[in-house]
Amino acid sequence: AVLGTAGFVVLDRPSASGLLRSARLPKPFAVPLPVAAAARPVRTSGDTDYYELTQRAADVEIIPGTRTQIWGYDGMFPGPLFRFRSGRQAVVRIRNGLEVPTSTHLHGGVTPPDSDGYPTDLVRPNATKDYTYPLRQRAATLWYHDHRMDYSAPQVWRGLMGMAIVADDEDDNLPLPKDDHDIPLIICDRAFADDGSFIYPALRPGPGVEAPFGNGVLGDVILVNGAPWPVLEVDASKYRFRILNASNARQYRLKLDPGGDLVQVGSDVGLLAAPVRHTEIPVSPAERFDVVVDFAAYPVGTEVTLVNTLESGDTGRVMRFKVVRPGRSAATVPDRLSAVDKLGGPVATRTFDFRAGSGDGMRMWTVNGEMFDPDKTMARPGLGTVERWRFASDFHHPVHLHLAHFQVVARDNQRPMASDAGWKDTVEVRPYEVVEVLARFDGYRGRYMLHCHNLEHEDMGMMVNFDVG
Ligand code: C2O
Ligand code: CU
């Protein structure tokens with residue numbers, strides 16, 4: 001690692017030969033979609049499951065025929081898939097086998113402050129920390145990732161992230177697709193050098209590509225579950241896909257080609273009240289969409305491509321499904337999924353303005369004109385209260401709250417988008433837009449954070465504390 005001119009660590013200097021030549025990239029839709037095995041507890045006692053993980057470097061084959069050094073939980077990229085159970089506490093012991101400090105955040109978790117992965121609550125090299133997740137929360141698709149202050153972006157880029165699915169009886173008892181028809185799709189972009197190593201920051205400035213960091217770091221290879229433009233063979237029946245945008249900065253607008261419904265059953269933090277039918281879904285960094293796709297709508301033999309309509313060419317493609325045999329599952333999507341009570345009665349209204357700023361002659365990112373200061377707090381919501389938070393912005397900023405889940409109530413005083421439905425922990429605020437949410441500050445007292453989940457913006461200051469008291 002070297003210190004870049006902007007004062008940020010550049011983990012991999014682009015080699016003289018630069019980006020991996022496209023001739024060495026795999027043909028799209030040739031690599032099978034991998035699905036990480038579930039992490040197994042090392043022991044279980046009463047209502048607690050204990051896990052142990054080591055963060056370490058590993059050489060893995062991402063681009064066929066090349067090796068990429070990653071930093072992964074248990075040397076995996078993405079990390080092991082956690083299958084947690086609502087009401088059962090999980091204690092995850094993380095040993096840091098890397099040469100840099102880390103901090104792990106369970107994104108979407110209702111977690112006491114000392115296990116929340118605060119950016120300065122560091123696990124030093126060779127140290128361990130027990131993260132306690134009480135999981136007194138409903139079924140949801142969560143994820144975990146590094147949150148080290150100023151370095152989350154390069155450390156997540158290197159591989160420090162994974163998915164954590166929380167199950168409960170309500171979700172289990174629905175007739176939704178299950179088991180091998182319930183599949184995580186962790187989507188992220190990366191860039192590779194000719195020798196296979198990750199490049200960070202990735203793309204050189206040029207036509208259509210801003211200077212590194214300005215708007216976040218983008219890669220030119222789209223990975224799903226760590227595989228480039230993979231393919232999944234499916235039968236002609238319904239599948240549940242847990243879509244996570246784990247990219248540092250890339251936005252997607254997902255659509256099936258040749259057409260078809262993405263039936264949303266869950267949002268960031270759990271089931272919707274009723275399914276929402278989309279033909280396209282905008283997915284900004286850190287958002288999750290739990291969707292059902294019915295491949296019975298296509299004749300056997302059809303190839304269905306998941307595309308990103310915001311882009312064309314290679315980055316406009318994500319993965320492909322091949323309908324290879326008739327279906328045999330009886331799964332259905334019921335009209336009622338869960339009870340989602342509308343939040344009301346906010347006791348305070350606060351506005352947070354997400355904007356570019358400058359400091360020390362460089363471009364920085366600010367909230368209400370300030371860059372992150374771990375010693376300052378910008379709000380003190382009362383435990384158990386509901387507040388109206390307004391997010392204003394000058395660019396695309398996926399805004400995320402730790403601890404508190406929220407409901408989107410308005411965009412520019414108009415109705416929110418169809419994709420804003422349900423309980424959320426991250427919301428995309430588009431340029432010059434004001435998004436209003438009602439957030440419930442439930443769970444624990446203590447210091448939590450509000451930040452932009454464009455990881456380069458986060459590292460460059462776009463983060464503030466709030467203290468739940
Ligand atoms: Cu997924 Cu504080 O972030
Ligand atoms: Cu941002």
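Trainee: How many other C-beta atoms lie within 10 Å of Glu61?

Mentor: In this predicted model, Glu61 is neither buried nor exposed but falls in the class between them, partly exposed. That class lies between the limit of 12 or fewer for exposed residues and that of 20 or more for buried ones. The count for Glu61 within 10 Å is therefore in this range, at 13.

Trainee: Where is Glu61 placed, and how far in space is Ala227 from Glu61, C-alpha to C-alpha?

Mentor: Glu61 sits in the loop that joins β4 (48–60) to β5 (68–73). In sequence, Glu61 and Ala227 are 166 residues apart.

Trainee: Is Ser115 buried or exposed?

Mentor: Ser115 also belongs to a loop, the one between β8 and β9 (128–133). Its contacts, leaving aside residues up to four places away in sequence, are with Tyr131, Thr132 and Tyr133. Inside 10 Å, Ser115 has 21 C-beta neighbours, and the threshold is 20 or more, so Ser115 is classed as buried.

Trainee: How far apart in space are Ser115 and Ser103, C-alpha to C-alpha?

Mentor: Along the sequence, 12 residues separate Ser115 from Ser103. In space, the C-alpha atoms of these two residues are apart by 9.4 Å.

Trainee: Which residue of β10 stands opposite Leu106?

Mentor: Strand β8 (residues 104–107) directs Thr104 and Leu106 one way and His105 and His107 the other way, and all of these are buried. Its pairing with β10 (residues 140–146) is antiparallel and runs over 4 bridges. Within β10, Asp146 is the bridge partner of Thr104. Opposite Leu106 stands Tyr144.

Trainee: Which residues does Val224 touch, not counting residues up to four places away in sequence?

Mentor: With the residues up to four places away in sequence left out, Val224 touches Leu33, Leu185, Ile186, Ile187, Pro230, Val318 and Met319.

Trainee: Which residue of β32 stands opposite Leu450?

Mentor: The strands β29-β27-β31-β32 form an open sheet of 4 strands with antiparallel pairing. Its edges are β29 (426–429) and β32 (463–468), which have a single partner strand each, so one side of each lacks a neighbour in the sheet. Strand β31 (residues 446–452) pairs with β32 over 6 bridges in the antiparallel sense. Opposite Leu450 stands Val464.

Trainee: How far apart are the C-alpha centres of domain 1 and domain 3?

Mentor: The chain is divided into domain 1 (2–172), domain 2 (179–326) and domain 3 (349–468). Between domain 1 and domain 3, 14 residues of the former are in contact with 14 residues of the latter. The C-alpha centres of these two domains are separated by 23 Å.

Trainee: What radius of gyration does the chain have?

Mentor: The secondary structure of the chain amounts to 3 helices and 32 strands, and buried residues account for 48% of its 469 residues. Of the contacts with a separation of 6 or more, 78% join residues 24 or more positions apart. Along the principal axes, the C-alpha atoms fill a box of roughly 60 × 55 × 50 Å. A compact globule with 469 residues would have a radius of gyration near 23 Å, and the value for the chain agrees with this, at 21 Å.

Note on methods:
Residues numbered from 1 in each chain as written. Chains lettered and ligands numbered in written order. Predicted model: local features only at pLDDT ≥ 70, side-chain atom pairs only at ≥ 80, totals over all residues. Pairing = 2+ DSSP bridges. Helix = DSSP H or I, 4+ residues; strand = E, 2+ residues; numbered from the N terminus. Rg over C-alpha atoms; globule rule 2.2 N^0.38 Å. Contact = placed C-beta atoms within 7 Å. Domains from an automatic or database assignment.
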